[in-house]
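This report examines the packing of helices and the side-chain pairings in a predicted model. Please keep the sequence and the coordinates in view while reading.

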Amino acid sequence: MEISRKTDYALRILSVLIKRPEEIVSVRDAAESCGIPYSFARSVQHSLVNAGIIASTRGSRGGMTLAIDPDATTLLTVVEAVQGPVLISDCESAGPDNTPCPRKPSCFFNPVWCNAEKILRTYFASIALSQIVKEGLVPEPNGGFKLVKNETALRLEEIQDQVEDIVASSRNAGQIG
């Protein structure tokens, strides 16, 4: 997954609005203070308004204000509002009619990609915008990982055990020399 330039710019603009909660901030002012091309900032503004994250007023004294509570809005909310769902792979929608990938039951890597996606979503959801902007906090992973057998490997082991049982039974019955 890649954080798009539009998402980066949206977060920069939101940081300005979070730092200046009592002000109506013009798009031009936000763009200049964030080093964002004005035309791109207008596009980002439009997306944030459509997502219900900011409110926009027109006119000579117009501009943007937050429409969300930055204490309750997570990084995940903004990322998904601007660029869509956080996805590592398309395992869950690669099949016909957006069904899971047909190779999912036999794929060794599907659990790796799906777990990585869960970890990334959890990471982004673990922190509110105000914690990042006002308090300078960032989530720091502090745990490890435990390796477990995935379902595909367990099914293969089960099949191998069944084959070994059949071969052993056949040997015992004198059918295999």
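## Helix 1 and its surroundings

Helix 1 runs over residues 5–19, and its 15 residues reach 21 Å from the first C-alpha to the last, close to the 21 Å expected at 1.5 Å a residue. Its buried residues are Thr7, Tyr9, Ala10, Ile13, Leu14, Ser15, Val16, Leu17 and Ile18.

The elements against which these buried residues pack include helix 2 (27–34), helix 3 (38–50), strand 1 (54–57) and strand 2 (63–66). Helix 4 (75–83) and helix 6 (129–133) are also among the packing partners of the buried residues of helix 1.

Within helix 3, the residues Ala41, Val44, Gln45, Ser47 and Leu48 are buried. Viewed down the helix axis, the buried residues fall within an arc of 165 degrees, and therefore they line one face of helix 3. These buried residues pack against helix 1, helix 2, strand 1, strand 2 and helix 4.

Turned away from the buried side is a face of helix 3 that carries the exposed residues Ser39, His46 and Asn50. Ser39 has a relative accessible area of 58% and counts as exposed because this value is over 50%. Ser39 and Ile24 are 15 residues apart along the chain, and their C-alpha atoms are separated by 19 Å. Just after helix 3, Gly52 takes a positive phi of about 75 degrees.

## A buried residue in a loop

Thr74 lies in the loop between strand 2 and helix 4.

Once its neighbours within four places in sequence are left aside, Thr74 is in contact with Phe124, Ala125, Ile127, Ala128 and Leu129.

## Aromatic pairs and a charge over a ring

The structure holds three aromatic pairs. One of them joins Tyr9 and Phe40, whose ring centres are 4.9 Å apart and whose planes stand at 75 degrees, so the pair is edge-to-face. This pair links distant parts of the chain, with Tyr9 in helix 1 and Phe40 in helix 3, 31 residues apart. Tyr9 counts as buried at 9% relative accessibility, whereas Phe40, at 26%, counts as partly exposed. Another of the pairs is formed by Phe109 and Trp113, with ring centres 6.2 Å apart and planes at 20 degrees, so this pair is stacked. Trp113 is itself partly exposed, with a relative accessible area of 36%.

A further arrangement involves a charged group and a ring: the charged end of Arg28 sits over the ring of Tyr38, at 3.9 Å from the ring centre.

## Salt bridges

How many salt bridges does the structure hold? There are four salt bridges in the structure. One of them connects Asp8 with Arg12, and the closest N and O atoms of that bridge are 2.8 Å apart. Asp8 and Arg12 are four residues apart in helix 1, which means that they are separated by about one helical turn. Asp8 is partly exposed, with a relative accessible area of 31%, and Arg12 likewise counts as partly exposed, at 30% relative accessibility.

Arg20 forms a salt bridge with Glu23, in which the closest N and O atoms are 3.1 Å apart. Arg20 is partly exposed, with a relative accessible area of 24%, and Glu23, at 37% relative accessibility, counts as partly exposed. Arg20 also forms a salt bridge with Asp29, where the closest N and O atoms are 2.7 Å apart, and Asp29 counts as partly exposed at 28% relative accessibility. Through salt bridges that share partners, Arg20, Glu23 and Asp29 are joined into one network.

Note on methods. Residues numbered from 1 in each chain as written. Predicted model: local features only at pLDDT ≥ 70, side-chain atom pairs only at ≥ 80, totals over all residues. Heavy atoms only, no water. Helix = DSSP H or I, 4+ residues; strand = E, 2+ residues; numbered from the N terminus. Expected span 1.5 Å × (residues − 1). Buried < 20%, exposed > 50% of the residue type's maximum accessible area, 1.4 Å probe, protein only. Contact = heavy atoms within 4.5 Å. Arc of directions from axis to C-beta. Phe/Tyr/Trp six-rings, centres within 6.5 Å; stacked < 30°, edge-to-face > 60°. Lys NZ or Arg CZ within 6 Å of the ring centre and 35° of its normal. Salt bridge = Lys/Arg side-chain N within 4 Å of Asp/Glu carboxyl O.
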